[in-house]
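Student: I have a structure to go through with you. Can we take it residue by residue?

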Amino acid sequence: MPRGAHYPDFDPIEAAAWAEKLPMIARILREEGFKFVAHTLAEAAFAVDLGWNAIDVRIAASIGGYLEIYARARAYVGNRVHGAIVLAGRAACATAIGWDTRLLAALDTYGHAIGLA
């Protein structure tokens with residue numbers, strides 16, 4: 001997500017930290033072959049602005065479509081809890097970045113969450 005959570009105003013310091021680091025993180029993920037899973041057309045356009053080719057941006061019309069995308073994924077890095085939970089539940093590599101308390105549902109086996117500020 002552009003500011004790292006559904007409600008970036010709840011933590012402007014974290015939102016600013018994410019916005020500052022996002023171009024670097026996006027570059028690393030693109031270089032590693034990650035695709036971008038967008039939940040809206042605006043997020044798909046944002047992914048292209050971050051440097052992803054449109055062909056590497058995935059968007060689904062339904063929850064089932066997202067489950068199919070995540071079922072094929074080998075790893076997840078992002079702010080959305082659902083992608084992290086699905087991959088973690090498959091024992092795949094899942095990294096949830098942000099401060100939204102819902103991310104606690106996707107803690108790694110050591111109880112780690114990642115914050116940026």
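Student: Is Val48 buried, partly exposed or exposed?

Tutor: This is a predicted model: local features need pLDDT of at least 70, side-chain atom pairs count only at pLDDT 80 or more, and totals for chains, interfaces and linings use all residues. Residues are numbered from 1 along each chain as its sequence is written, and side-chain values use heavy atoms, with hydrogens and water left out. Buried means under 20% relative accessible area, exposed over 50%, and partly exposed lies in between (1.4 Å probe, protein chains only). Val48 has 39% relative accessibility, so this residue counts as partly exposed.

Student: Which residues does Val48 contact, leaving aside neighbours within four places in sequence?

Tutor: Val48 lies in helix H2, residues 41-49. Helices (H or I, at least four residues) and strands (E, at least two) are DSSP runs, numbered from the N terminus. Contact means heavy atoms within 4.5 Å. With those neighbours set aside, the partners of Val48 are Ala54 and Val57.

Student: How many salt bridges does a search of the whole structure find?

Tutor: The test takes a side-chain nitrogen of Lys or Arg within 4 Å of a carboxyl oxygen of Asp or Glu. Side chains of opposite charge can pair when their charged atoms come close. Across the whole structure, the search returns three.

Student: In which helix do Arg27 and Glu31 lie?

Tutor: Their side chains meet in a salt bridge, 3.4 Å from N to O. Arg27 is partly exposed at 37%, while Glu31 is exposed at 55%. The two sit four residues apart, about one turn of the helix, and that helix is H1 (residues 12-31).

Student: How many residues apart in sequence are the parts that Lys35 and Asp56 tie together?

Tutor: Lys35 and Asp56 form a salt bridge, with the closest N and O atoms 3.4 Å apart. Lys35 is in the loop between H1 and strand E1 (36-38), and Asp56 is in the loop between H2 and strand E2 (57-59), so the parts tied together are separated in sequence by 21 residues.

Student: What is the closest N to O distance between Arg80 and Glu43?

Tutor: Arg80 counts as buried at 14% relative accessibility. Glu43 is buried too, at 10%. Their salt bridge has its closest N and O atoms apart by 2.3 Å.

Student: Which residue in E4 is the bridge partner of Val77?

Tutor: Strands pair if DSSP finds at least two bridges between them. E3 (residues 75-78) and E4 (residues 93-96) pair in the parallel sense over four bridges. In E4, the partner of Val77 is Thr95.
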